[in-house]
Every structure is written in C-alpha cells, then in structure tokens.
Amino acid sequence: MNRRYRKTIIAGNWKMNKTPSEAKALIEEMKPLLSKTKWCEMVLCVPFTDIQAAVKAAKGSKIAIGAENMHFEKSGAFTGEISADMLKELGVKYVIIGHSERRQYFNETDETCNKKVKVAIENGLRPILCVGESLAEREQDVTMEVIRKQVKIALQGVEVEDIKKVVIAYEPIWAIGTGKTATSEQANEVCALIRETVAALYGKAAADAMTVQYGGSMNAKNAAELLAQPDVDGGLIGGASLKAPDFAAIIDAATRG
Ligand code: PGA
C-alpha cells in the first residue's frame with residue numbers, strides 16, 4: 001500500500017453464494033466488526049438477487065455494494081442480462097468486470113471487458129477490472145505479456161480524466177479458490193507492471209493514483225504481508241469474504257498496515 005498516493009480498497013466477491021436473507025444476515029454480522037475504516041474502502045460485490053437486501057443492510061455503514069458483472073448495452077433483447085442503469089438505480093457503486101470465471105465459463109473477452117469498463121464509467125459505477133495469467137502462461141514465462149495485453153485492451157478509449165475511477169485487480173487464475181496464494185513478491189511484481197502499463201498510457205501521476213488490488217486466496221493470515229507490498233493497494237477476496245471474522249481481519253490488516 002502507499003497511502004500517500006492512493007486509496008486502499010478491500011472488496012469481497014461473493015460469487016454465486018448467499019440468498020437475500022443470508023446476505024442480510026452476513027452484512028449484519030460484519031457491520032460491528034468493520035468500524036475502523038478510515039484508511040480503507042470496503043466493498044461487497046454480491047449476486048444480482050442480493051443487491052437490494054445488501055444495500056438496505058449496509059445502510060448507515062461504510063460498506064459499499066458492488067455487482068459481480070453487468071452487460072454493456074443499455075437495454076434490449078439480451079435475455080438474462082443486467083444493465084448499468086439497473087444496477088445504478090439499486091445503489092450499486094462498484095462492478096467487477098472480466099473476472100477469470102466469467103472469461104473461462106461465459107466467453108468474456110478483453111474486448112467485452114473494454115466495452116463494460118467504458119459503460120460502467122459513463123454510468124458512475126467504478127469498474128474493478130480483473131486481469132491474470134493461467135498456470136500454463138506463468139510456466140511458459142509469458143505472464144507479463146498476458147497482463148499487459150489484458151490491461152491495454154480493456155482500457156482502450158478510456159479518457160485520462162476517467163482513469164482514476166478504474167480499479168484493477170491482479171488475480172492469477174492458479175491462485176483463485178485453490179488455497180495457493182502468489183508470494184508477496186510475485187503479487188507486487190505484477191501489480192507494479194500493471195501500474196507501469198497504465199503509466200505508459202496515461203502518465204505517472206494517473207498510474208500512481210490508481211488502486212491496484214491483488215486477489216487469489218487472500219485470507220486473514222496472508223493479507224498483512226500481501227498488503228505491505230508497495231504496489232498492492234488492496235484485495236479482491238472470494239472465500240474469505242463469506243466469513244465475517246475473516247473479512248474483518250483482512251480489513252484490519254489493511255487499516256493497520
Ligand atoms: P478467492 O477468490 O479469494 O476465493 O481465491 C478470489 C476471486 O475470485 O476474486
């Protein structure tokens with residue numbers, strides 16, 4: 001983290017977990033544990049069906065609610081999809097874009113991510129753009145090329161004055177839900193590369209101000225070490241965001257660090 005330049009953001013990604021009543025109960029359980037958040041922004045990205053209950057439960061707290069995906073069109077014949085407008089009206093502030101599970105199972109590409117990032121910004125939603133290499137790509141030593149390409153394509157056409165609204169999450173695919181975490185050096189190396197890539201496109205000041213998160217089996221035990229890295233400005237947390245004490249411990253690490 002480097003608080004002189006940028007905000008720390010800890011975001012949960014609940015994936016396909018929790019019904020609305022379970023979402024309400026979990027947020028109620030989290031609220032008293034998450035009081036000291038001066039240095040850290042807290043976000044919970046929840047399933048579409050939980051958004052209304054989550055926004056209501058989080059009212060009066062510092063927790064912002066995010067979505068896990070959205071469509072890039074405003075409206076129309078896209079059965080089963082959800083638009084930025086629909087999210088905005090419910091009080092959503094953040095939206096995850098290009099999570100590796102969406103790239104892997106739902107044909108998300110760098111090009112669709114690019115459309116979604118721009119539509120999110122136009123609608124006042126902060127995109128959390130996910131990038132990351134597969135195990136094969138890491139073993140073939142092409143991680144840096146893969147990340148640079150994902151970042152550059154997803155940001156095409158984003159104006160310099162808007163770039164500060166974008167959060168980028170580095171999520172090595174081999175570390176997601178596997179219990180295998182990147183070492184803090186590996187996490188920092190790629191987060192720094194993301195910042196360099198943004199600097200080449202938008203200048204150093206914009207890159208210095210951007211929050212770059214690490215995600216992939218971040219938990220109560222390893223969060224402090226990962227967040228101590230200078231280019232790791234927060235976390236995108238799956239499994240550990242479904243347990244109030246674990247999520248609170250990560251927020252604590254981000255607040256203390
Ligand atoms: P994990 O998921 O923390 O369960 O590895 C992270 C993510 O997919 O965003």
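User: How much space is in the largest pocket?

Analyst: In this predicted model, the largest pocket has a volume of about 370 Å³, and of the 15 residues that line it, Lys15, Met16, Glu68, Arg102 and Phe106 are the closest to its centre.

User: Which helix gives the most to that lining?

Analyst: That is helix α4, residues 100–105, which contributes three residues to the lining of the largest pocket.

User: And what's the lining like by class?

Analyst: For the largest pocket, the lining is made up of seven nonpolar, four polar and four charged residues.

User: OK, what about the second largest pocket, which residues lie nearest its centre?

Analyst: Those are Gly177, Gly216, Ser217, Gly238 and Gly239, out of 18 residues that line the second largest pocket, and the space in this pocket is about 210 Å³. Its lining divides into 11 polar, five nonpolar and two charged residues.

User: Switching to helices: at what angle do α7 and α8 cross?

Analyst: The axes of helix α7 (residues 143–155) and helix α8 (residues 184–202) cross at roughly 45 degrees and come within 10 Å, which means that α7 is oblique to α8. The crossing of α7 past α8 is right-handed.

User: Which residues make the contact?

Analyst: On α7 they are Thr143, Met144, Ile147, Arg148, Val151, Lys152 and Leu155, while α8 brings Glu189, Val190, Leu193, Ile194, Thr197, Val198, Leu201 and Tyr202.

User: How many of those are nonpolar, polar or charged?

Analyst: In the contact of α7 with α8 there are 10 nonpolar residues, along with two polar and three charged ones.

Key
Residues numbered from 1 in each chain as written. Predicted model: local features only at pLDDT ≥ 70, side-chain atom pairs only at ≥ 80, totals over all residues. Heavy atoms only, no water. 1 Å grid on protein atoms, 1.4 Å probe; cavity = no way out; pocket = protein on both sides within 12 Å on 5 of 7 lines; lining within 4 Å. Points joined across faces, edges and corners; volume = space filled by probe spheres on them. Helix = DSSP H or I, 4+ residues; strand = E, 2+ residues; numbered from the N terminus. Nonpolar A, V, L, I, M, F, W, Y, C, P; charged D, E, K, R; others polar. Axes fitted to C-alpha atoms, helices over the stretch in contact; angles between N-to-C directions. Parallel < 35°, antiparallel > 145°, perpendicular 65-115°, else oblique. Left-handed = near helix turned anticlockwise from the far one by under 90°. Contact = heavy atoms within 4.5 Å.
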